[in-house]
Amino acid sequence: MIWAAIRLARHPSAAGLNRCLFAIDCEETVAHLSIRLLGSFQVTLDGEGATGFTSDKVRALLAYLAVAPDQLHRRETLAGLLWPEVPERSARASLRTALANLRQVIGDRDACPPCLCITHQTVQI
């Protein structure tokens with residue numbers, strides 16, 4: 001039997017939400033994802049800077065999801081928010097690409113359990 005848990009801790013600053021910390025425990029593997037939202041945007045995974053974001057919209061997607069971790073976000077809402085100037089079909093394709101990039105950057109494909117809960121209709125962190 002595999003024991004796994006996700007813990008989310010918010011660290012407020014005087015100006016509001018400073019960063020969200022995610023700790024993913026799966027048997028002997030522990031990965032820590034830290035997201036700094038105030039000041040310069042910064043993401044670290046296990047203490048190392050997370051690199052490989054293909055665009056600022058991928059960073060914006062991560063920030064948006066991290067601010068409301070308990071909320072299910074409809075894909076069409078996210079697509080319209082990030083790509084309002086393009087047709088819905090193109091925006092949804094861009095969202096799929098952004099989610100694939102995000103999963104790669106935060107190591108979500110190998111995480112147990114993954115940080116992102118992605119269905120055909122919704123996305124949640």
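Tutor: Arg103 has a relative accessible area of 24% and is partly exposed. The model is predicted.

Student: Why is Arg103 called partly exposed?

Tutor: Buried needs under 20% and exposed needs over 50%. Arg103 has 24%, so it is partly exposed.

Student: What makes Arg103 and Asp108 a salt bridge?

Tutor: The closest N and O atoms are 3.4 Å apart. The cut-off is 4 Å, so the pair qualifies.

Student: How do you know whether Asp108 is buried or exposed?

Tutor: Its relative accessible area is 1%. Buried means under 20%, so Asp108 is buried.

Student: What makes Arg59 and Asp56 a salt bridge?

Tutor: Their N to O distance is 2.9 Å. That is within 4 Å, so the pair counts. Both residues lie in helix α1, three residues apart, about one turn of the helix.

Student: What makes Arg92 and Glu76 a salt bridge?

Tutor: Their closest N and O atoms are 3.5 Å apart. The limit is 4 Å, so the pair passes. Arg92 is in helix α3 and Glu76 in helix α2, 16 residues apart.

Student: Which residues form a network of salt bridges?

Tutor: Arg74, Glu76 and Arg92 are linked that way.

Student: How many salt bridges does the whole structure hold?

Tutor: A search finds five.

Notes: Residues numbered from 1 in each chain as written. Predicted model: local features only at pLDDT ≥ 70, side-chain atom pairs only at ≥ 80, totals over all residues. Heavy atoms only, no water. Salt bridge = Lys/Arg side-chain N within 4 Å of Asp/Glu carboxyl O. Helix = DSSP H or I, 4+ residues; strand = E, 2+ residues; numbered from the N terminus. Buried < 20%, exposed > 50% of the residue type's maximum accessible area, 1.4 Å probe, protein only.
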